[in-house]
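Please study the structure before reading each solution.

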Amino acid sequence: MKRYNLLTVLLLLIFSMTSAQVSSVFGSVTEAKSKIEATVPVVVEHLKKISEKQGNTTVLDNGKAALKNEYDKVSQEFDLYKGNMASCILGKSKQTKKCMNYHTQYFRNTLGIYENYINYVTKKNGYLGVADESIKLDFKPTEISTKIDKDFSGAVGAVKKMKGNNKSTYFEQLKSDDFKLQNFDTLVN
């Protein structure tokens, strides 16, 4: 009877450790997703203010079109990044770290370009170097990419302990719509 209890406890412990690793990876991805998505309504609101102040809807229309273009680039890179990181982890173990560093750097650069665009658009009265105090953004590309990278690095250890199909199914949830950035048009309305 004691053997069965010990086996049950061990199985529960292994399952909880694996679940903790999975939720850790998905937690940082979810946080990054929400921070990226939160930029759109703030920037559009700023564009509306400028447009109303100048009495010209061209500012809003052109600004939204340009923002959509930049947001779509980030959205595409976000999906590619998650898939590439999973491929790195499931690939050859000797090159895993180098592969992950490459994709993290590329993702960080894409977020940096997006941040530069947002900063350019949201300058007070259009003057560079003058921040508009009414704009509250929690968007730091280095912090976002570092958190995701750390969690994916933690996933390397979890995946090494798995066998068979568990390795490939470990990252399947990242492909769901819950972990994709929302469409630009839904964030604007």
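Helices are DSSP runs of at least four residues, numbered from the N terminus. The model used here is predicted.

**Exercise 1.** Determine where Lys180 is found and which residues Lys180 touches, not counting residues up to four places away in sequence.

*Solution.* 
Step 1. Lys180 is found in the loop between helix H5 (165-169) and helix H6 (184-188).
Step 2. A contact requires heavy atoms within 4.5 Å. With residues up to four places away in sequence left out, Lys180 touches Lys33, Glu37, Asp79, Lys82 and Lys175.
Step 3. The C-alpha atom of Lys180 is separated by 7.6 Å from that of Ser75, although Lys180 and Ser75 are 105 residues apart along the chain.
Step 4. The relative accessible area of Lys180 is 34%, so this residue is partly exposed.

**Exercise 2.** Describe the salt bridge between Glu31 and Lys147, and state which helices it links.

*Solution.* 
Step 1. A salt bridge needs a side-chain nitrogen of Lys or Arg within 4 Å of a carboxyl oxygen of Asp or Glu. Between Glu31 and Lys147, the N to O distance is 2.8 Å, and their side chains meet in a salt bridge.
Step 2. Glu31 lies in helix H1 (residues 2-54) and Lys147 in helix H4 (residues 141-160), so the pair, 116 residues apart, links distant parts of the chain.
Step 3. Glu31 has a relative accessible area of 28% and is partly exposed. Lys147 is also partly exposed, at 36% relative accessibility.

**Exercise 3.** Explain how Asp72 and Lys68 are placed along helix H2 (residues 57-90).

*Solution.* 
Step 1. Asp72 and Lys68 form a salt bridge, with the closest N and O atoms 3.0 Å apart.
Step 2. Because these two residues are four residues apart in helix H2, about one helical turn separates them.
Step 3. Asp72 is partly exposed, with a relative accessible area of 31%; Lys68 is partly exposed as well, with a value of 29%.

**Exercise 4.** Identify the residues that are linked with Asp138 in a network of salt bridges.

*Solution.* 
Step 1. The side chains of Asp138 and Lys140 meet in a salt bridge, with an N to O distance of 3.8 Å.
Step 2. Asp138 is partly exposed, with a relative accessible area of 42%, and Lys140 is partly exposed at 44%.
Step 3. The network links Asp138 with Glu31, Lys35, Lys140, Glu143 and Lys147.
Step 4. The count of salt bridges by this rule comes to 10.

Notes:
Residues are numbered from 1 along each chain as its sequence is written. This is a predicted model: local features need pLDDT of at least 70, side-chain atom pairs count only at pLDDT 80 or more; totals for chains, interfaces and linings use all residues. Side-chain values use heavy atoms; hydrogens and water are left out. Buried means under 20% relative accessible area, exposed over 50%, partly exposed in between (1.4 Å probe, protein chains only).
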